[in-house]
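Here is a short note to read beside the model. Keep the structure open as you go through the points.

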Amino acid sequence: MGNDLIQITSTADTPQEQVGAGLRPAPTGSCEKAVTFFIETFGCAMNVHDSEKVAGTLVARGYRAVDSHAEADLILYNTCSIREKAAGKVFSYLGTLKKAFRNNPKIIGVLGCVAQQEGEAIFERAPQVSLVCGSASYTRLPDLLEEIEHGNRRVMGLDLDTDECFETELTRRDNPFRAYLTIVEGCDQRCAFCVVPYTRGPERSRPSDKILDECRRLAGEGYGEIQLLGQIVNAWKDPSSARLTFAELLGRVAEIPGVRRVRFTTSHPRYFTPDIVEAIDSHPALCEQVHLPVQSGSSAVLARMLRGYTREQYLEKIDCIRRARRAISISTDIIVGFCGETQEDFEQTMSLLDAVQYDQVFSFKYSPRPNTAAGSIEDSVPEEVKAARLAALQERQRQIQIGTNQALVGQVFEVLAESFQPRLGQVVGRTSSNRIVNFPGTPGEVGQYLTVRATSAGPNSLVGEKL
Ligand code: SF4
């Protein structure tokens, strides 16, 4: 799974209204003031997309999104519990909210992984919370909201046995260029350190016909880039009679008129097959990018992590990607200081960095999580050792990225201009290989695909000029 933490907020333009005994959204078409909401999102792209779907569900019920906590009647935190720090942050935010709105109480909901993990205990620890709902229960949100609208102040949705995906036509997408689309929910892998199988439930795939219909609709709405999501996206199995493989699905999405770029995240090495590389080679719209989390370079640690592959098997997958005709960038996730990790194990992770020459690495210190297999064994690596290993790993990777990015100076890329920085007069663009390129431009270029030559490079981005 991907570990890159991001934080987004909902945006919109609406008036403010005091909440009474319950939330009462305005009927569609009425001139009553709408109840307002604000969603703050932590965690991975799956969470970001879930928030878009929750926002769409709320808007369809007559709620309106606003730009800040202060303007909102209903505040929702879509949470991540992949690391202790991320989960702790939620309770600290809830405490801050309580103080800030002591004289103007809000209806507060906790969604996502912390909701699923902590359940009813959230009401005890943060009594200001009214709604607790895990991601596998978002299909129940309309019913839960109705209960809140009727004044119920403790509402929960924590079912994990759903075989449904949270699909909605109502998704309210925040990015005007890139549409996220979940193709597989949950995870059956049960890596020893990971809470996801316990918070997102069992793996369940969407049928290919529904995915392709949605992609065609998104392309028709002008989304040139589609990012297919799944905790293990390449474990997707077509439940429809078409029985497409994951690689075939990628090809079909890439061939839809109007689709200019297709990305997919997160791949698991166990399910990463050569036909995925062949699909990238054959379809220019499939981006030259693979995110393949390794977690450790030591086979002994990988075995304890229950990852299901060895260092050697992982390197075979990397060789397969490196043999592609296109120059596919490779990124990964690494955990340092997992239970029992020796200095020798860590050195193997460092040597893996040298061997693979990753384009990007998301690295973290291990922290035990409740309900996981590793949570019940000793967290044996001292905190200061974890910190030192993380710093050493990040510095080694920084040096690698300086080298790989400098080798790109002089090359020409097609970039999607994603935003404009007025202070610098620069456009921020992204290549097919997921590299950021900054170059002089204008706000009007945002949204366009432009041809840019790299003129210099840092460890995390390129500087370029338009051709
Ligand atoms: S259990 Fe493993 S494969 Fe599944 S989401 Fe967690 S880290 Fe990814």
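**Notes on a helix pair and a sheet**

1. Phe-246, Ala-247, Leu-250 and Gly-251 in H8 meet Asp-275, Ile-276, Glu-278, Ala-279 and Ser-282 in H9. Contact here means that C-beta atoms, placed from the backbone, lie within 7 Å. By class, the H8 contact with H9 holds five nonpolar, two polar and two charged residues. Nonpolar covers Ala, Val, Leu, Ile, Met, Phe, Trp, Tyr, Cys and Pro; charged covers Asp, Glu, Lys and Arg; the others, Gly among them, are polar.

2. This is a predicted model: local features need pLDDT of at least 70, side-chain atom pairs count only at pLDDT 80 or more, and totals for chains, interfaces and linings use all residues. Residues are numbered from 1 along each chain as its sequence is written.

3. How do the two helices cross? The axes of H8 (residues 246-254) and H9 (residues 274-282) come within 8 Å and cross at roughly 15°. H8 and H9 are therefore roughly parallel to each other (angles under 35 degrees count as such). Their crossing is right-handed (the near helix is turned clockwise from the far one by less than a right angle).

4. Now the sheet. Three strands form an open sheet in the order E12-E13-E14, with parallel pairing (strands pair if DSSP finds at least two bridges between them). E12 (289-291) and E14 (360-365) stand at the edges with a single partner strand each, so one side of each lacks a neighbour in the sheet.

5. Look at E12 and E13 (residues 329-336): three bridges join these parallel strands. His-291 stands opposite Ser-331 in E13.

Note on methods
Helix = DSSP H or I, 4+ residues; strand = E, 2+ residues; numbered from the N terminus. Axes fitted to C-alpha atoms, helices over the stretch in contact; angles between N-to-C directions. Parallel < 35°, antiparallel > 145°, perpendicular 65-115°, else oblique. Contact = placed C-beta atoms within 7 Å.
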